[in-house]
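Please read it alongside the sequence and the coordinates.

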Amino acid sequence: METICPIDRKCASQISVLLHPSPPPLQVQEYFEELISSRQCRGIKVKQNGEFGKGVYADLDFKEDELILKDPMLVGIQHPSNKIDCLVCSFCFQFIGSIELQIGRKLYLQSLGLSASKVCDKEGISKDFCDSNSADEEDDCYVKECKRLRKCASSSPNGKVTLPKGVVQSLMNGELVLPHSEKFSLPPAISCPGGCGEAYYCSKTCAEADWESSHSLLCTGERSEALSREALSKFMQHADETNDIFLLAAKTISFTILRYRKLKAAHLKRQNKYTDPVELDCAELSLLLEAWKPVSIGYKRRWWECISLPDDVDRSDETAFRMEVRDLAFTSLQLLKAAIFDQECEPLFSLEIYGNIIGMFELNNLDLVVASPVEDYFLYIDDLPDPEKGEAEEVTQSFLDALGDGYSVCCQGTAFYPLQSCMNHSCCPNARAFKREEDKDGQATIIALRPISKGEEVTISYIEEDLPFEERQALLADYGFRCRCTKCLEEDTQLISKQEHIKKKLGFGEV
Ligand SMILES: [Zn+2]
Ligand SMILES: [Zn+2]
Ligand SMILES: [Zn+2]
C-alpha cells in the first residue's frame, strides 16, 4: 500500500507555491546578480533561455585556462566513508590539523577496522588512545568520532603494514614531527562548540558560520538546538546505513528553517509589537518563501521518480523499486521530523518537499572534491634531492607503506553549488570544474577550456565526454534530457546515415 504523508495533504497549497514559486523573472535575475557580485568571478551572467531553463553566459572574453568562477556551496557534506581518510573543516572543507594528524588519525581509524569492533565498543579504546592526555578535549572527541565511524572503518581497505600503536599515537598528539612537514602547515582543528565531537572547523569563523547556517539544529552535542538529540542520532544512523543524501537534505531543511527564523525576527522588529496575528499568518508564508529562495532556484524532481534504475533491478520490478525508494525517504523524513520539526515551517516536512530536495541533489551532479595535502607531502619528499631525500624517507617510508595506496585519497562529498548548477551540459564544453593548486577548499572552481567570447554560453560536461554517442545519451538520460550539442547533432546524423546506408545495402525498402 502506498505511504501517505499527512503533511502533503495538509499543506498542499503551500507546497505547490514552494515548488512552483514562479517568482517574477526580475526577482530571479536580482538574486543571481547579487550572488555573482558576492563571488570571485570576472564576468558571467545567468540568463533564462526557453529550451533549457537557465544558462550561464560569458559577459566578458575569457582566455584559455582562465578562472571563470569560484562558487561557494549552498550546502554540502563529506561522504561518511571518506571521513576516515580526511579530516576537513565541516564548513569550508579545507584540510585541518597537520600532516601528522591526518596520517596518524587515518592509520588509527584503519587499525580499528583491523581489530574489528571489539576495540571500539569497550572503554579500552579511550584508555589506549587517550591515556597520555585524557584531559585533552580534542582527543576525547576523536574517540566519539571513531565510534560513529566504526561501521565505515570495518569496510575500508587496511594498510599493508601496521605500525606500533605508540607511534601512531605520537603522530596524533604532536609528539612526532615528520621531516619537512612545516612546509605543509594546515589550520588548527577546532572542535564543534556545540560539543558533538563530530564536526571540526578550520577557524572560529567557520564554526560560527556553520552553526548559524545549519549545524545548530543538526548538532548532536549538549548545546544543540534540536528538539531531540536522541531522535537526531537515530536519523543520522539511518542515513549512514542507507543513503548519505539524507544528511544533505536535512542540512537543506535546517538551513531554510534557520533562515526563516532570522527573517521573521527581522520582520517582527520592523513591525514593532503591534502586529495583529492574522497579518503575521500571511507574512509567514512569504517569509518561508524568501527563506527557501536559494533552494527554489535549483532544478528539482521527485527523487523516486528521477533516480535511475540500478543495473541489478529488473525493468519489471521498476514500480516496486520506486515505491521502495519513496518509502525509504518517508522513513528518513519521520526520523528528521522527530528531531527538528518546526510548526511554522511545516511544509518543509512534507514528503513532497523532501523528495524534491533529494531529487535536486540527484539531478545536479555536483561533486565536492578537495585534493589532499598528504599526497602533496609525499610527492614533495619523493622529489627531494639526495641525500635529503634518503634522510627524510628513513622516517616517512614506514608511514607511506602503512597507508598503502590510500595515501592520496582526497576529500570527497556532494554539494549544491548555486551558480555551477545553472551551467548547462555540452559534450564539447568550453569550461570545466578544475581545482588548481591554490584551490584548497570546497568551492567549485570553473576554468575556461578554450577561449570564450562575450555572449557565448559557458558549458561544462556532466559526464565523460569521450564516450561513444549512445553511451553518452544513456548517461544523460539520467539527468532527464537528450543532448543536442553540436558534437551530438553531428554524430547523430552520422549514425542515421550509417543506418540508412546499411538498410539500403540490405535492400530494405525506400530510404
Ligand atoms: Zn573552514
Ligand atoms: Zn556539533
Ligand atoms: Zn552532446
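Leu109 counts as buried because it has 23 C-beta neighbours inside 10 Å, where buried means 20 or more other C-beta atoms within 10 Å of a residue's own, exposed means 12 or fewer, partly exposed lies in between, and C-beta atoms are placed from the backbone. This is a predicted model, in which local features need pLDDT of at least 70 and side-chain atom pairs count only at pLDDT 80 or more, while totals for chains, interfaces and linings use all residues. Residues are numbered from 1 along each chain as its sequence is written, and chains are lettered from A and ligands numbered from 1 in the order in which they are written.

**Overall make-up**

- The chain's secondary structure comes to 19 helices and twelve strands, these being DSSP runs numbered from the N terminus (H or I of at least four residues for helices, E of at least two for strands).
- Of the 511 residues in the chain, 38% are buried.
- Among contacts between residues at least 6 apart in sequence, 76% join residues at least 24 apart, a contact being a pair of residues whose C-beta atoms, placed from the backbone, lie within 7 Å.
- Leu109 belongs to helix H4 (residues 99–114), and its C-alpha atom is separated by 6.3 Å from that of Ile84, 25 residues away along the chain.

**Nonpolar core**

- The largest nonpolar core has 116 residues, and those with the most contacts inside it are Val88, Cys89, Ile96 and Ala249; such a core is a set of buried Ala, Val, Leu, Ile, Met, Phe, Trp, Tyr and Cys residues joined through C-beta atoms within 7 Å.
- Helix H11 (residues 245–271) gives the most to this core, with eleven residues.
- When residues up to four places away in sequence are not counted, Ile96 touches Leu87, Val88, Cys89, Leu186, Pro187, Pro188, Ala189, Tyr200 and Cys202.

**Helix packing around H11**

- Helix H9 (residues 204–218) packs with H11 at an angle of about 115°, the axes being 8 Å apart; axes are lines fitted to C-alpha atoms, for helices over the stretch in contact, and angles run from 0 to 180 degrees between N-to-C directions.
- The contact is made by Glu212, Ser213, Ser214, Ser216, Leu217 and Leu218 of H9 and by Ala250, Lys251, Ser254, Phe255, Ile257 and Leu258 of H11.
- The residues of this contact of H9 with H11 divide into six nonpolar, four polar and two charged, where Ala, Val, Leu, Ile, Met, Phe, Trp, Tyr, Cys and Pro count as nonpolar, Asp, Glu, Lys and Arg as charged, and the others, Gly among them, as polar.
- The axes of H11 and helix H15 (residues 351–363) come within 9 Å and cross at roughly 115°.
- Ile245, Leu248, Ala249 and Thr252 of H11 meet Tyr354, Ile357, Ile358 and Phe361 of H15 in this contact, which by class has seven nonpolar, one polar and no charged residues.

**Backbone features in loops**

- A cis peptide bond, with omega of about 5°, joins Asp386 and Pro387, and Pro387 is placed in the loop between helix H16 (373–383) and helix H17 (388–403).
- Asp65, although not a glycine, has a positive phi of about 70°; Asp65 is found in the loop between strand S2 (53–58) and strand S3 (67–71) and is exposed, with 12 other C-beta atoms within 10 Å.
- Phe93 is not a glycine but has a positive phi of about 70°; Phe93 lies in the loop between strand S4 (75–78) and H4 and is buried, with 25 other C-beta atoms within 10 Å.

Notes
Contact = placed C-beta atoms within 7 Å.
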